[in-house]
Amino acid sequence: MPGPTGRVLTLLELLQSGGTRTVAELADRLGVEGRTVRRYVSRLIDLDVPVESVRGRYGGYRLSPGYRLPPLMLSDDEALAVLLGLAAGRRAGLTTTERTASETASAKIRRVLPKHIAHRVDTLLSALALTDEPREPDRPDAEVLLTVADGLRHRRPVSVHYVDREGRHSERTLHAYGIGAHAGRWYVMGRDDGVGEDRTFRLDRIATARALPGSFEAPAEFDMAQRLVSGFATAEYQHEVSLRIHGTPEQIRVHLPASVAGLEDCEPAAGGEPEAERWLRVELRVQSLDWLPRVLASLDRPFVIERPDELRALVDALSQRLASYARQA
């Protein structure tokens, strides 16, 4: 049976799990009487842990936002989840701070783990292999991200200072509909009040952001993830490519994801089964055609090139090279 100090820490852990806990519930979990629970709460308050009492039939105790972070208690599974999340976030580039902040946070958690758990976690992290290539992330400013998110939530316009890819500066009034991340970059999508159209902006290119008075109506059932990937697939590039490929959507999406290409039926699915093999039209816009012949070869599915003619020539050239390699002794 843990002593009083151990039960105080257990009380803190129970309160940190969220919600309001009744005195009876806490007393039962700690194996003490109600008055002892109240004494333990007083100890936490003396330690500047922001515990507040809730009156009423379903009242009890809960944690309230305080002026400083209270002692944080994590189970072994929770600590592992946080460490893996930090590692994956660094790998994917989904951070809004310098790398050192993520690394020091990981170090603090590892330092307080029991030795046998810390050793096993370090072993896992050192052995973990991720299939995506690491890249230098384009980090948005944390204050910009929070300001835009606040405008999105409360439907308030936001004035942003934007720097485009050519280095041109502009002031824009943005009605933010959604925030998303793709391939290590953060994006915000919304209505650009100056041009009267929906636009997508990279958040790392927003130098400053400030809330404006007023409000706006956002589109109903706005799907940021779908709009983001479809926006990449239909962006303006040098070449417009149209193909017909015989296969299932899953077979095609392995090599041509939704952020790259759009799919539509050329014929009904056999027996009405959406996953059946059939001819699908694949449309995409690309800056260069050089990589597409290799992708079509890796699909290993029957295909027809509708346009452009340059792609036919590149596929033919690849097929001849492969045939010549196969004939070599």
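Guide: Helix α11 (residues 309–327) lies across β8 and β11, contact meaning heavy atoms within 4.5 Å. Helix α11 runs at about 140° to β11; axes are lines fitted to C-alpha atoms, for helices over the stretch in contact, and angles run from 0 to 180 degrees between N-to-C directions. Helices (H or I, at least four residues) and strands (E, at least two) are DSSP runs, numbered from the N terminus.

The model is a predicted one, in which local features need pLDDT of at least 70 and side-chain atom pairs count only at pLDDT 80 or more, while totals for chains, interfaces and linings use all residues. Residues are numbered from 1 along each chain as its sequence is written, and side-chain values use heavy atoms, with hydrogens and water left out.

A further helix, α10 (residues 292–299), lies across β8, β10 (278–286) and β11, and runs at about 10° to β8.

These strands belong to an open sheet of 4 strands, antiparallel in its pairing, with the order β9-β10-β8-β11; two strands pair if DSSP finds at least two bridges between them. At the edges stand β9 (262–265) and β11 (303–307), each of which pairs on one side only. From one strand to the next, the twist averages 25°.

Strand β8 (residues 239–247) is joined to β11 by 4 bridges in the antiparallel sense. Within this part of the sheet, Arg 244 stands opposite Val 304 in β11.
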